[in-house]
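These are my notebook entries on what I looked up in this structure. I kept them in the order in which I worked.

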Amino acid sequence: MDPPPRRLAAPLFLVLLLLAAASPAARAWKKDEFRNCNQTPFCKRARTRAPHSLDAPLSLAAGSLVVSPDGSISAELSHPSRPRPLVLRLSALPPHALRLQIDEDYSTATPPHRRFHVPDVLLPDLEARTLHLPEPKTVAGVSTVALSSDLDVVVKHDPFELTVRRAGSGDPVLSFNSHGLFDFEPMRESKPEDETWEEHFRSHTDKRPRGPQSITFDVSFYGADFVYGLPEHGSTSLALRPTRGPGVEESEPYRLFNLDVFEYLHESPFGLYGSIPFMIGHGGRASSGFFWLNAAEMQIDVLAPGWDGATAQENGRIDTLWMAEAGVVDAFFFVGSEPKDVIKQYISVTGTPSMPQQFATAYHQCRWNYRDEADVDGVDAGFDEHDIPYDVLWLDIEHTDGKRYFTWDRSAFPNPEEMQRKIADKGRKMVTIVDPHIKRDSSFHLHQEATDKGYYVKDASGNDYDGWCWPGSSSYPDMLNPEIREWWADKFSYENYKGSTPTLYIWNDMNEPSVFNGPEVTMPRDAMHYGDAEHRELHNAYGYYFHMATADGLLKRGEGKDRPFVLSRAFFAGSQRYGAVWTGDNSADWDHLKSSIPMVLTLGLAGLPFSGADVGGFFGNPEPDLLVRWYQVGAFYPFFRGHAHHDTKRREPWLFGERRTAIIREAIHMRYSLLPYFYTLFREASVNGIPVMRPLWLEFPDDKETYNNGEAFMVGPSLLAQGIYEEGQKSVSVYLPGKESWYDLRNGSPYKGSATHKLQVLEDSIPSFQRAGTIVPRKDRFRRSSTQMVNDPYTLVIALNSSGAAEGELYVDDGKSYDYQQGAFIHRRFVFADNKLTSFNIAPDNLGKKFTSDCVIERIIVLSLRSGAKKAIIEPGNQEVEIESGPISLRSGSSPVAPTIRRPNVHIVDSWTIRIA
Amino acid sequence: MRLLLVGALILCATAALESKPPLDTLGIPPQDEAYYRGGVIKCRDGSGRFSRDQLNDDFCDCPDGTDEPGTSACPEAKFYCKNAGHTPVTIFSSRVNDGICDCCDGSDEYGSNVTCKNTCWEAGKAAREKLKKKVATYKNGVVIRKQEVERAKEAFAKDEAELAKLKGEEKILQGLVDKLKEQKRLIEKAEEEERLRKEKEEKRIKEEAEKQAAVEKGAPDASRDVDSKETQDHVQENKNKVAEQHDGHATDHDNHVTESAASAEQHGSVSKDGISAEAGTVDELPQKESAAPTLEKDLSSDNPEGLSREELGRMVASRWTGESVNEVSKDDKKGHEDEQEIPEPAEEALEDELDIPEPAEENYGGYHSEVEDDRHKYEDEEFDHESEDEYVDDHDDHVESYRSDDDQRGDHHSDLTEPGHASWLDKIQQTVQNVFQKFNFFKTPVDLSEASRVRKEYDDASSKLSKIQSKISSLAAKLKHDFGKDKEFYSFYDQCFETKEGKYTYKVCAYKKATQAEGHSSTNLGRWDKFEESYRVMHFSNGDKCWSGPDRSLKVRLRCGLSNELNDVDEPSRCEYVAVLSTPAVCVEEKLKELQSKLDAMSSKQPGHDEL
């Protein structure tokens with residue numbers, strides 16, 4: 001794209017040289033602007049400590065260990081040098097979760113400030129679900145409590161150590177402080193003369209008026225080959241790589257600190273936009289999880305075997321070191337026999353993902369910025385002209401009047417309602433951006449109101465914090481305060497948000513929060529929040545509360561009948577309850593395409609099933625081939641959106657020649673055809689948190705080959721896909737797990753399981769397969785948008801396993817309301833066995849409401865059906881239908897590959913049987 | 001709390017096809033009806049065959065859609081709507097029964113729950129009216145274009161003649177200059193000889209005097225000595241003067257040559273503006289050099305203490321926006337553009353020497369295809385586009401076209417194209433002739449007044465010569481341009497087209513450059529590159545560089561109109577501008593014929609009113 005080099009006059013050349021030198025630097029990630037562990041005093045202190053070397057190790061006072069009336073166990077931890085002891089509380093949640101809470105006992109010596117407990121993240125009924133624990137048995141300074149019939153908690157008193165182990169075998173699963181690194185810096189009453197509490201980073205000063213208060217401990221995962229989780233980091237590896245110990249070159253812990261990182265690296269342990277302090281350990285013998293509810297900056301080391309100098313390694317144990325700047329210990333130990341059990345337990349604590357509306361699971365088109373109504377019209381028309389479906393058109397910050405959210409730039413968008421209505425006529429929606437920074441402009445009512453009500457976060461001296469963001473000088477509503485969240489939610493009413501209509505949904509960006517002139521491009525840690533909380537204590541949850549308030553706003557707007565759609569960039573544990581997230585400002589390069597898979601998979605493992613990366617890459621211009629590959633992978637992301645920076649060239653799907661347009665159309669069509677399957681998977685996620693897009697090992701937990709495969713992924717239990725992450729790649733090795741075969745989604749060709757296949761790379765698709773033994777519901781007719789597909793008939797694709805059997809599910813509801821919560825949905829299980837396909841109702845009866853549909857199944861493709869039958873009989877009714885050989889997908893040139901039941905036209909609401917005659 | 005609602009009932013379109021039209025013609029264009037006759041029909045892609053019962057049975061048997069022209073069953077099928085009263089269209093089968101009326105006769109929604117009104121008559125009428133208007137515009141446009149073409153041919157011939165004449169004059173003048181030069185050389189030689197002779201003479205006299213003195217008394221004659229010295233000095237001084245003058249001329253002459261060569265490279269547009277702009281840029285250069293690194297240094301230094309909170313905020317924001325840190329918001333286009341003035345002269349001069357490939361144009365093509373390849377839409381929609389683009393009857397007063405002000409043409413024709421210019425040349429020739437005649441080389445000493453006259457004539461003639469040469473090269477450069485098949489764009493050479501969009505004034509000077517001005521600051525959107533898409537687009541490229549973006553460029557789409565009017569400037573991608581220019585230059589006869597036959601076809605297909 002750049003012009004070829006020219007002969008340059010000397011001064012010009014010099015200028016260009018300077019520009020050239022300056023611009024890559026200006027565009028690259030700036031390591032210096034972010035604190036590493038050595039520049040972070042609590043991290044440096046904790047990390048340089050040797051195992052069992054604490055000056056004041058904590059021990060449990062034997063006599064203090066009691067079962068409380070609420071069924072939990074409490075005890076006191078202390079050391080003579082401490083100003084006050086610590087209170088420990090152990091509680092159990094069914095089926096296999098243990099909660100460990102440790103805070104200071106403020107009754108003995110009260111410091112001026114108490115430690116922060118993160119509110120409104122854990123489900124409110126958690127306490128009610130707590131089990132009544134039996135009396136601990138104490139022998140020789142070791143107390144044992146039976147958690148369940150098969151799990152024990154073993155508490156060693158001095159020094160304090162906690163182990164969760166299997167009751168029968170006594171095999172440990174998880175342990176706390178086995179390496180004696182548990183440190184809990186006590187809150188001080190006042191600053192001693194000889195100490196400096198202030199911290200400096202670049203031009204910023206953190207007054208740190210409350211002094212050191214960090215917490216560190218080690219956690220060991222037994223039987224784990226790998227650990228996973230801890231979003232969000234750029235990585236091409238699915239498993240968390242060791243950060244310290246033998247063989248680790250650049251040693252830096254995984255940082256959890258929500259930051260707006262300009263042009264982030266695809267491979268780095270530094271913190272990005274969101275933080276979920278949840279880790280899963282998995283190996284051939286065990287699956288377990290550890291979650292620390294703490295919203296302060298956290299740094300976590302994954303320690304390589306031998307890190308502690310031990311020569312003889314216990315097989316299959318991974319040690320980790322957890323460090324947080326503030327807060328308390330509120331930790332959960334999850335024990336699973338299967339990795340899905342671990343996720344389910346984490347979800348039982350932090351909440352189930354919200355069920356998205358149907359449209360939100362379809363394709364979204366975004367750009368910074370579609371500039372005016374004509375631009376919106378043109379892009380909308382472009383999709384129709386090229387027969388490419390899409391559901392949502394997005395407007396970035398430029399649509400506002402001077403970055404005042406909830407307003408419109410009326411010169412570019414004079415008639416927003418009319419614009420939305422025109423889009424909505426085709427079944428489509430729009431999304432506008434609403435960020436947390438509010439322009440400090442006295443003529444802006446929102447600012448005036450927030451100022452008058454004292455709703456802004458305060459700076460260290462108690463004034464409204466004034467930071468710099470898109471609008472210039474800005475302040476940030478204190479989303480920690482439920483009253484302020486309520487106030488914020490009201491801003492989304494049609495009355496308050498002028499120009500909004502029922503088909504307008506919301507995008508929350510910059511909610512880390514991003515502050516351009518703040519330390520590390522965020523809010524100073526000594527800023528003050530509601531309830532005497534310092535920003536440092538809740539930083540990682542600020543974006544979560546903002547997301548929550550926005551989603552509540554949409555819920556209120558729709559009078560509780562319209563499921564909100566809010567995309568957020570920042571997230572925390574529990575964000576799954578409020579909507580979707582995406583991986584932020586990625587770059588248009590192949591490495592970012594590759595890292596998007598481990599990143600999205602990791603979000604799914606951490607309870608956030610609804611996520612995706614910007615298709616095409618936000619920064620920079622993707623080569624057309626990269627864009628095409630990104631669409632092919634992105635069509636499988638749970639959240640599928642194309643987005644681009646405003647300096648980039650236009651990249652709507654039809655701008656790269658007919659051939660590429662056709663391939664991108666094909667990728668988007670594939671997503672639309674699989675929407676019934678995706679929606680069924682979202683239903684599953686909303687019930688138990690099992691992600692839509694899954695690591696292979698979630699479905700094949702015993703197959704070690706899959707443990708660190710970050711290139712391939714499952715969509716639900718039935719489909720496997722692998723991206724093409726290299727330019728001009730000719731062949732690709734794809735590992736297909738399990739004993740059963742796999743069928744190529746494009747042509748139905750079978751491939752053996754438990755084998756690595758070297759495949760020729762095709763231009764028009766990425767390797768994708770349906771697993772034998774599964775049934776996938778599709779809709780093979782395309783419309784302008786998913787909404788228009790509601791009445792279209794279904795196709796079932798049955799891939800028979802080696803015993804000629806298969807099963808699958810279909811979930812259907814009205815796609816938008818909460819009526820499903822009262823039973824207004826269709827949920828079927830399709831079972832194929834003995835040459836017979838049966839549709840069973842698996843929806844519970846009598847929940848109050850009903851949902852019905854006249855939709856039929858127009859086509860049933862049975863892969864690897866051996867019978868040469870030409871007819872099938874439908875019962876009830878004894879109706880005969882034809883079986884013909886048909887293609888697996890309706891594309892020009894596809895050849896017939898599988899027996900296809902033609903027009904059975906059975907209704908999806910009914911129970912029926914189709915017998916191959 | 002969420003309200004409890006009775007479960008929604010959804011009607012399934014595929015199950016209910018009550019008022020379905022005859023299946024054997026549904027969605028099939030008349031010319032294809034024959035294909036569907038017979039009991040067994042082949043899929044067009046050769047993938048199989050289907051029976052007559054399977055035609056439009058709402059199940060896709062041919063993946064290419066052959067068997068389902070009338071339903072939505074095959075994703076790749078197309079549905080034909082007759083649209084009696086208007087123009088038939090073919091739509092994607094994904095539009096069949098989707099609840100949106102796509103065909104004006106409503107035939108695409110035979111099985112959905114919407115009722116489509118037949119709007120073909122009204123729409124067709126409107127479309128025909130628009131087409132009629134368009135044809136009328138074309139008719140007039142074709143006439144204007146013809147006149148333009150005639151004028152252009154004349155002007156071109158005139159310019160060619162002018163060039164030939166200039167070349168003739170150059171030759172004559174060159175001869176004179178050569179002669180004068182020779183003359184001058186001879187004069188100088190004669191002067192030199194005379195000086196030497198004088199010197200010799202003086203020396204001799206002096207020696208004689210000395211001798212005499214020695215002989216007479218041995219007393220020196222001081223006064224004489226002084227005199228002689230004075231004379232000597234004087235001569236020396238004159239000599240220096242002559243040399244100086246001579247050098248001076250030579251230098252001037254060189255300059256002229258260089259300049260005219262350079263101006264030839266620049267398509268003869270050595271404008272005053274250009275020069276001052278260049279100078280301005282050069283002046284600004286050092287500031288910029290220092291500004292950028294300073295910014296970087298501040299950003300990357302460990303302790304950017306020097307920055308205020310606001311400066312830091314702006315600076316960090318600028319990474320995303322690519323904006324100058326002096327700007328508040330990222331939508332403001334100015335700021336950084338001002339800083340990005342890159343000195344152009346060197347580059348510009350080099351450009352033509354190097355073969356610079358065109359930047360990729362795919363994107364623009366794609367962008368415009370929305371407007372151009374609008375096959376699946378109603379015709380009247382297409383007309384909407386075009387009517388806006390081509391029927392601008394009311395002239396906005398801010399839209400102007402005028403002679404390019406930085407063009408040298410007016411200037412370079414000033415003294416050469418005047419009717420009396422021949423006598424000017426004659427006069428010079430005559431004068432020179434006179435000089436030659438009067439000057440007597442054999443007269444010693446040299447007549448000083450005659451010598452200086454020769455010098456003056458030489459100076460005058462050579463400066464005239466270089467002027468003529470410069471004019472030749474710029475005219476030759478002009479004539480080298482591509483002015484279209486019929487030289488229909490010849491008049492564009494002297495014109496700029498202007499329009500205002502918001503706070504910006506856009507100025508497009510064909511064959512030169514395009515700019516975007518706001519107040520006193522102007523941004524170069526690109527220098528003339530070439531015509532594209534067979535003279536439907538003017539491309540300007542290599543404009544001012546965008547911060548972290550491409551060099552600015554502009555594509556001006558040309559549409560038939562009765563006068564030259566610039567409109568609809570837009571920036572679909574950052575720093576890639578588009579605009580529309582209405583001009584009679586593209587009102588071609590073939591297109592008129594095409595439109596006329598389209599109109600005839602539309603009019604002949606009109607059904608009787610009783611049908612509606």
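**Entry 1: disulfides**

I began with B:Cys104 and B:Cys120, where the torsion about the S-S bond is about 100°, so the disulfide is right-handed. The two ends sit in distant parts of the chain: B:Cys104 is in the loop between strand E5 (89-92) and helix H1 (120-216) of chain B, and B:Cys120 is in helix H1 of chain B, 16 residues apart. The S to S distance of B:Cys104 and B:Cys120 is 2.0 Å. I note that the model is predicted, and that every value here is computed from it. B:Cys104 is buried at a relative accessible area of 0%, and B:Cys120 is buried with 0% as well.

I then took the link of B:Cys43 to B:Cys62, with S to S at 2.0 Å. The angle about this S-S bond is -75°, and the link is left-handed. B:Cys43 lies in the loop between strand E2 (40-42) and strand E3 (49-51) of chain B, and B:Cys62 in the loop between E3 and strand E4 (78-81) of chain B, so the pair ties together parts that are 19 residues apart in sequence. I found both B:Cys43 and B:Cys62 buried.

In chain A I looked up A:Cys37 and A:Cys43, a disulfide with the sulfur atoms 2.1 Å apart. The torsion about the S-S bond is about -105°, so this disulfide is left-handed. A:Cys37 has a relative accessible area of 3% and is buried; A:Cys43 is buried with 0%.

**Entry 2: nonpolar cores**

The largest nonpolar core has 186 residues, and those with the most contacts inside it are A:Phe291, A:Trp488, A:Phe516, A:Phe565 and A:Tyr637. Helix H9 (residues 542-557) of chain A gives the most to this core, with nine residues. Apart from this core lies another, of 60 residues, with B:Leu180, B:Tyr511, B:Ala514 and B:Trp528 among them.

**Entry 3: salt bridges**

My search of the whole structure gives 110 salt bridges over all chains.

A:Glu189 pairs with A:Arg84, the closest N and O atoms being 3.2 Å apart. A:Glu189 is in the loop between strand E11 (183-184) and strand E12 (199-201) of chain A, and A:Arg84 is in the loop between strand E3 (73-78) and strand E4 (86-93) of chain A, 105 residues apart. A:Glu189 is partly exposed at 43% relative accessible area, whereas A:Arg84 is buried at 1%.

B:Glu576 and A:Lys649 meet through their side chains at 2.3 Å, N to O. B:Glu576 is in strand E14 (residues 576-583) of chain B and A:Lys649 in the loop between strand E35 (640-642) and helix H12 (657-673) of chain A, so the pair joins two chains. I find B:Glu576 buried, and A:Lys649 too.

B:Arg195 and B:Glu199 form a salt bridge with the closest N and O atoms 2.3 Å apart. Both residues lie in helix H1 of chain B, four residues apart, about one turn of the helix. Is B:Arg195 buried or exposed? B:Arg195 has 14% relative accessibility and counts as buried, because the cut-off is under 20%. B:Glu199 is partly exposed, at 33%.

The network of salt bridges links residues including A:Arg35, A:Glu199, A:Asp206, A:Arg255, A:Glu520 and A:Arg536.

**Entry 4: a glycine**

A:Gly716 sits in the loop between strand E37 (712-715) and strand E38 (719-722) of chain A. This glycine, A:Gly716, is buried with a relative accessible area of 0%. Beyond four places in sequence, A:Gly716 is in contact with A:Tyr677, A:Leu681, A:Val692, A:Arg694 and A:Glu699.

Notes:
Residues numbered from 1 in each chain as written. Chains lettered and ligands numbered in written order. Predicted model: local features only at pLDDT ≥ 70, side-chain atom pairs only at ≥ 80, totals over all residues. Heavy atoms only, no water. Core = buried A, V, L, I, M, F, W, Y, C linked by side-chain atoms within 4.5 Å. Buried < 20%, exposed > 50% of the residue type's maximum accessible area, 1.4 Å probe, protein only. Contact = heavy atoms within 4.5 Å. Disulfide = S-S within 2.5 Å. Salt bridge = Lys/Arg side-chain N within 4 Å of Asp/Glu carboxyl O.
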